[in-house]
Amino acid sequence: MEYVLEVHNLTKSYKSFKALNNLNCKVPKGSIYGLIGKNGAGKTTLIRIICGLQKPTSGIYSIYGKKNTDLQISNSQRRIGALIESPSIYDNLTAIDNLKVQFKLVGMPSFDGIDELLSLVNLTNTKNKKVCNFSLGMRQRLGIAMCLVGNPDFLILDEPINGLDPEGIVEIRELLLKLNKEKNITILISSHYLDELSKIATYYGFIGNGYMIKEISKENLDKLLQKRIILKVKKVSQIIPLLENMSISYQVIDDANIILYGDIDIQDLLSYLKNNNHKVLKVIEKDETLESYFMNLLGGDSND
Ligand code: ATP
């Protein structure tokens with residue numbers, strides 16, 4: 001797998017406090033990588049370091065294969081568009097004028113592309129409105145458009161949906177999916193909104209107390225979160241043909257225990273097994289959500 005960002009044992013110390021503590025992480029090219037952690041876990045610190053806004057105390061990161069110790073890291077960092085905390089937008093300027101300022105700052109030779117950016121973030125009709133009259137959602141979309149100046153292929157967004165209303169959240173979701181699918185932009189997004197993140201993320205990094213607790217693909221996480229039933233029976237091998245008759249997917253744990261996956265009607269299953277002379281000794285149902293998985297992984301309340 002090709003990685004846009006690789007982080008090895010990254011540490012950031014403030015006196016004796018470690019905001020990042022030997023953190024490792026890998027962001028696959030083309031992914032939407034959800035960075036999940038409680039307040040103070042180190043998400044913003046990690047993002048600021050990757051973007052070159054802060055220096056690590058120790059450890060290495062590389063962007064598009066260029067290490068932070070390499071002089072060419074700034075070329076790789078130019079491929080990043082980042083929205084950290086609130087976007088730097090001039091309230092007394094219109095959307096189009098803000099973009100013009102950004103085009104000049106980035107050193108673009110002309111203003112070609114501004115109309116396309118405005119249309120991408122759905123601000124064409126409001127391009128001549130002063131930003132002080134924008135909703136928070138419109139502001140965030142303009143912030144994302146500003147990050148896209150210079151055609152970055154790695155977008156980093158720190159809590160981009162904080163404070164948005166449901167409509168604003170949907171608009172950002174649709175925009176990010178479009179950027180990822182149609183423009184092949186890899187996206188690293190930190191968020192507290194697990195439900196929302198789970199609608200777009202293809203990869204997850206769970207961060208706590210400055211280190212990476214777990215990285216997992218959406219596919220593997222979905223498998224872990226899948227509804228499952230654990231059956232304890234006298235002899236697992238005897239019930240397998242019956243499960244296959246019912247087209248139930250399963251995984252044998254040992255001679256007496258088996259895991260069943262999917263949306264299964266337990267009463268139907270138990271009576272079917274009973275009618276076929278198989279006694280079930282114990283039934284355990286597991287139905288974990290991303291929220292409960294996160295809480296188990298990190299401990300305590302997700303928004304502490
Ligand atoms: P949040 O979601 O609240 O923004 P976060 O995961 O982004 O949390 P960071 O902002 O990276 O967390 O902060 C990580 C830890 O480092 C926090 O405990 C914070 O107080 C501490 N920290 C950040 N910057 C400094 C600093 N300049 N001096 C001392 N401590 C700092």
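Colleague: Which residues come nearest to the ligand?
Modeller: There are 13 residues around the ligand, and the nearest of them are Gly40, Gly42, Lys43, Thr44 and Thr45, where a residue counts as near if one of its heavy atoms lies within 4 Å. This is a predicted model, in which local features need pLDDT of at least 70 and side-chain atom pairs pLDDT 80 or more, while totals for chains, interfaces and linings use all residues. Residues are numbered from 1 along each chain as its sequence is written, and side-chain values use heavy atoms, with hydrogens and water left out.

Colleague: And which element gives the most to that shell?
Modeller: That is α1, with three residues; both β2 (17–28) and α1 (43–50) supply at least two, helices being DSSP runs of H or I with at least four residues and strands runs of E with at least two, numbered from the N terminus.

Colleague: How far is the ligand's oxygen from the backbone of Gly42?
Modeller: A backbone N or O atom of Gly42 is 2.8 Å from an oxygen atom of the ligand. The protein buries 58% of the 630 Å² that the ligand exposes when taken alone, with areas from the Shrake-Rupley method and a 1.4 Å probe. A polar backbone atom of Ala41 is 3.1 Å from a ligand oxygen atom, and an N or O atom in the side chain of Tyr14 is 3.4 Å from a ligand nitrogen atom.

Colleague: Switching topic, which residues of α11 are buried?
Modeller: In α11, which spans residues 290–298, they are Leu290, Tyr293, Phe294 and Leu298, buried meaning under 20% relative accessible area with a 1.4 Å probe and protein chains only.

Colleague: Why do they line one face of the helix?
Modeller: Looking down the axis of α11, its buried residues fall within an arc of 115 degrees, so they line one face; the arc is taken from the directions from the helix axis to the C-beta atoms.

Colleague: What do they pack against?
Modeller: The buried residues of α11 pack against several elements, including β3 (32–36), β9 (203–208) and α8 (218–225), with contact meaning heavy atoms within 4.5 Å. Just after α11 comes Gly299, which has a positive phi of about 85 degrees.

Colleague: Last one, how many helices and strands does the chain have?
Modeller: The chain has 11 helices and 14 strands, and 46% of its 304 residues count as buried.

Definitions and conventions:
Buried < 20%, exposed > 50% of the residue type's maximum accessible area, 1.4 Å probe, protein only. Polar contact = N/O pair within 3.5 Å; in protein donor to acceptor, adjacent residues only side chain to side chain.
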